[in-house]
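Hi,

Here is the structure I promised to pass on.

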Amino acid sequence: MLTVKDLHKSYQVGKATYEVLKGVSLQVEKGEFVAVMGPSGSGKTTLLNCISCYIPADSGTITLGDTELAHLEEDALARVRNQQLGFVFQDFLLLDGLTVRENILLPAIIGGSVSSQTEERADQLCDVFGIGHIRGKYPAEISGGEKQRTAVARALINRPLLILADEPTGNLDSKSSRAVIRSFEQAREALEATIFMVTHDSFAASFCDRVVILRDGVVWQSLERGSTARSTFQDRLLDAIREMGKE
Ligand SMILES: Nc1ncnc2c1ncn2[C@@H]1O[C@H](COP(=O)(O)OP(=O)(O)OP(=O)(O)O)[C@@H](O)[C@H]1O
């Protein structure tokens, strides 16, 4: 589904070059829910931005489905972003002037692909996420949890290969965080979505199938949840993070 191989990315600040990604390699399988954790500055957002095609990597490869992203022209990249990737941001970024249903349809409207099937898909997503009864309301008229579910439904409207989520529980209390994670679980169960989420939050990460920990620009550890209970997996994550701090 997603394969990242030996990814390098540096930033130029004045005359200095800072190497942030120093050979990141990882793989996400179809239907997996994967989190990326790591200390501040370890390159999590940079990695997500490279996969999102927002910034070009210096070297290495990113393959999404059958497509190698590094070699695509700008038009083709825009199509990948619109049709094969779904995005969930920290602040959800719903448009105030559009209803819930119109917000969900937005990626399809931007891609010029609204058909009766897309409209049916929007209604199906409203049902999956329990927001059918508010589909005609505007963001100012709905709760925080309903906004989150609308944002996850919007990320799924174009049937993307992969959902990329950047700190989706960043500003939320634990009840709202749980609601966002529940939406991702529903997306995976009902729609076979594949989710790749950057997070600082060990609680959110403990619901994932796998957690990749970045340190100093490389994958330091990849922890599988397997059949472990969520709370035990969270303890393992916290232990790993503590151990990383000691090295
Ligand atoms: N556009 C940029 N120009 C220069 N340096 C940058 C740029 N973007 C990020 N950096 C630097 O690259 C490093 C990695 O940043 P990045 O945002 O990827 O880390 P992160 O792991 O997501 O951090 P956080 O957890 O704090 O969000 C940081 O030291 C940051 O200051």
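**Two helices side by side**

Let's start with a pair of helices: H5 and H6 cross in a right-handed way (right-handed if the near helix is turned clockwise from the far one by less than a right angle, left-handed if anticlockwise). Before going further, keep in mind that this is a predicted model, where local features need pLDDT of at least 70, side-chain atom pairs count only at pLDDT 80 or more, and totals for chains, interfaces and linings use all residues. Residue numbers start from 1 along each chain, following the sequence as written. The helix and strand names are DSSP runs numbered from the N terminus, with helices being H or I of at least four residues and strands being E of at least two.

H5 covers residues 144-156 and H6 covers residues 174-191; their axes come within 10 Å and cross at roughly 30°. (Axes are lines fitted to C-alpha atoms, for helices over the stretch in contact, and angles run from 0 to 180 degrees between N-to-C directions.) The two helices, H5 and H6, are therefore roughly parallel to each other, a label for angles under 35 degrees, with over 145 being roughly antiparallel, 65 to 115 roughly perpendicular and the rest oblique.

Which residues do the meeting? On the H5 side they are Gly144, Gly145, Gln148, Arg149, Val152 and Leu156, and on the H6 side Ser176, Ala179, Val180, Ser183, Phe184, Ala187 and Leu191. Contact here has a cut-off: C-beta atoms, placed from the backbone, within 7 Å. By class, the residues of this H5 and H6 contact are seven nonpolar, five polar and one charged (Ala, Val, Leu, Ile, Met, Phe, Trp, Tyr, Cys and Pro count as nonpolar, Asp, Glu, Lys and Arg as charged, and the others, Gly among them, as polar).

**The sheets**

There is an open sheet of six strands, in the order E6-E7-E8-E3-E9-E10, with mixed pairing; strands pair if DSSP finds at least two bridges between them. E6 (85-88) and E10 are the edge strands, each pairing on one side only. From one strand to the next, the twist averages 20°. Inside this sheet, E7 (residues 162-166) and E8 (residues 195-198) run parallel and are joined by four bridges, with Leu164 opposite Phe196 in E8. H5 lies across E6 and E7, at about 165° to E6.

At the other end of the strand order, E9 (residues 210-215) and E10 (residues 218-224) pair antiparallel over six bridges. Ile213 sits opposite Gln221 in E10. The E9 and E10 hairpin has two residues between the strands, and Asp216 takes a positive phi near 50° there.

A second open sheet has four strands, ordered E2-E1-E4-E5, with antiparallel pairing. Its edge strands are E2 and E5 (67-68), each pairing on one side only. E4 (residues 59-64) and E5 are joined by two bridges, and Thr63 has Glu68 in E5 as its bridge partner. H1 lies across E1, E2 and E4, running at about 115° to E1.

**Around the ligand**

What surrounds the ligand? Its shell includes Tyr11, Tyr18, Gly43 and Lys44, counting residues whose C-beta atom, placed from the backbone, lies within 6 Å. E1 (2-13), E2 (16-28) and H1 (44-51) each supply at least two residues of that shell, and H1 gives the most, with three. By class, the shell has four nonpolar, seven polar and one charged residues.

Cheers

Definitions and conventions. Contact = placed C-beta atoms within 7 Å.
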